[in-house]
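I opened the notebook to record what I looked up, one entry at a time.

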Amino acid sequence: MGWFRKPILLLHKFFSAIESFYKGKKHRSQVFLRALLATIMGVGLSTCLVQPLSMTISAMFSSPEKRDFQLPDLFAQIANNRPVRQLDPRVVVVNIARANRQEIAEGLSILALCGPKTVGVDINFAEPSGDDDLLLEAISNLPNPILPIGVSPTKTDGRFLVEEKPFFYNELPDLKYGVVNLPSQEKGTVREFAINFPTDYGNLPSFVAAIAEDFNPGSIEFLNSKNSETGITSYHSREYKIVDIDNIEEHAEEFTDKIVLVGAMEDAGDMHATPIESHVAGVMIHAAAISTILDGLWTERVPKFFDYILAGLLCLSIMILVYAINPAFKGIVLRFVQALLAFLAVRIGYELFIEHNLIFDLSYTLSIIAFGLFAADIWNSIEAMWKNSLKKLRESASKIVPKEEEREEDLKIRTNIV
């Protein structure tokens with residue numbers, strides 16, 4: 001029996017201190033203090049288990065190809081599954097599929113005759129081939145063409161170096177270029193679009209910003225006014241007209257005064273995860289970003305500490321219910337409140353995201369709603385273990401010959417119990 005003596009003595013000191021703190025206080029004050037202690041335990045549990053919880057949520061709501069998941073991704077998926085769809089009349093996508101350079105050049109030549117306003121060519125002709133005269137001529141004849149370049153960050157001052165560019169980068173100086181790099185971690189979900197990339201030659205616009213500004217001058221002014229490097233792309237409920245490159249002539253009237261994005265829809269190396277799908281071609285990601293800019297949508301992120309504050313207040317409220325309501329109704333009432341709070345957290349976050357362009361990530365609040373009752377159960381179990389162990393200790397006290405230094409502690413415990 002001696003093996004559990006020291007833990008019991010420690011628990012006795014701890015709960016005796018709590019009981020003495022409660023002594024003389026009103027019942028409401030005792031309920032609040034007990035709820036506050038359980039809240040602290042719930043916050044500690046959720047902090048320790050938040051990473052495993054995040055991994056579980058990611059496994060539930062995202063495919064294996066997506067390395068990360070955020071609660072607003074769920075809001076975007078819900079919104080995208082609504083019957084509401086919008087075909088963007090400003091943007092048309094030309095799919096080059098597996099066309100070779102000659103076929104691409106011929107398609108661009110026909111496209112130039114269809115009267116598009118701005119053409120974004122999302123194809124990096126990195127190396128010259130045997131005969132590129134037709135290609136260069138076709139690109140030169142396009143109205144307001146935007147060509148892609150790729151950059152890489154430096155390790156010192158946060159600037160970027162131009163590393164990927166078409167072979168004719170210096171041969172056709174009048175062409176405009178935009179950076180096609182996507183602001184995401186490797187194999188991560190692409191949620192944002194870049195605005196500018198600082199280089200030694202000044203700020204280079206992103207591919208999507210350059211196209212939007214060319215199509216509608218002044219459209220990126222509101223982006224620059226935010227003093228932000230990136231904006232959040234609105235993917236949900238958007239659709240685009242897609243035309244194969246060998247069918248351009250049959251759809252000639254659909255390109256007039258439009259933004260035309262030319263790129264590959266089946267390139268496995270240019271597939272990325274977005275909040276609504278796991279495999280999306282880069283050209284379609286550019287299309288969604290351009291629509292977001294032209295619509296003037298700017299999504300703000302609510303600071304994360306508001307999530308922590310709300311989580312703490314909800315957890316405290318749940319704990320007060322745990323210790324205040326009638327035990328006969330406690331179980332069903334608490335489960336109902338728990339489910340209601342979880343529903344409201346998701347619903348409020350969804351409404352803010354869809355209707356007000358606010359990202360309020362309530363993932364910590366959801367976790368605390370779950371861990372709050374768990375913490376209360378742990379707290380009550382520890383208290384019950386303390387009382388039960390003291391009872392056993394008292395019953396076995398007459399059978400045990402304690403050491404001299406332990407006899408005084410046993411005497412104190414028995415005295416307090418009596």
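I count a residue as buried when its relative accessible area is under 20%, and as exposed when the value is over 50%. The model I am reading is predicted.

Entry one, helix α3. I looked up residues 71-80 and found nine of the ten buried, so I noted α3 as largely enclosed by the rest of the structure. The buried ones in α3 are L71, P72, D73, L74, F75, A76, Q77, A79 and N80.

I located D307 in helix α9, which covers residues 304-324. Is D307 buried or exposed? D307 is buried, because its relative accessible area is 0% and the limit for buried is under 20%. Leaving out residues up to four places away in sequence, I listed what D307 touches: F360, D361, L362, S363, Y364 and T365.

F306 has 39% relative accessibility, so I put it down as partly exposed. F306 belongs to a nonpolar patch on the surface with F305, Y308, I309 and L313. Together these residues have about 510 Å² of accessible area.

Where is D246 placed? I found D246 in the loop between β10 (238-244) and β11 (259-263). I marked D246 as exposed because its relative accessibility is 60%, and exposed means over 50%. I then looked up its surroundings on the surface: D246 is part of a patch of negative charge, with E103, E106, D244, E249, E250 and E266.

Technical notes: Residues are numbered from 1 along each chain as its sequence is written. This is a predicted model: local features need pLDDT of at least 70, side-chain atom pairs count only at pLDDT 80 or more; totals for chains, interfaces and linings use all residues. Side-chain values use heavy atoms; hydrogens and water are left out. Helices (H or I, at least four residues) and strands (E, at least two) are DSSP runs, numbered from the N terminus. Buried means under 20% relative accessible area, exposed over 50%, partly exposed in between (1.4 Å probe, protein chains only). Contact means heavy atoms within 4.5 Å. Patches are made of residues with over 30% relative accessible area and no salt bridge: like charges are joined within 9 Å, nonpolar side chains (Val, Leu, Ile, Met, Phe, Trp, Tyr) within 5 Å. Accessible areas come from the Shrake-Rupley method with a 1.4 Å probe; for residues, only the protein chains shown count as cover. A salt bridge is a side-chain nitrogen of Lys or Arg within 4 Å of a carboxyl oxygen of Asp or Glu. Lys and Arg count as positive and Asp and Glu as negative; His and the chain ends are not counted. The place of a charge is taken as NZ of Lys, CZ of Arg, CG of Asp or CD of Glu.
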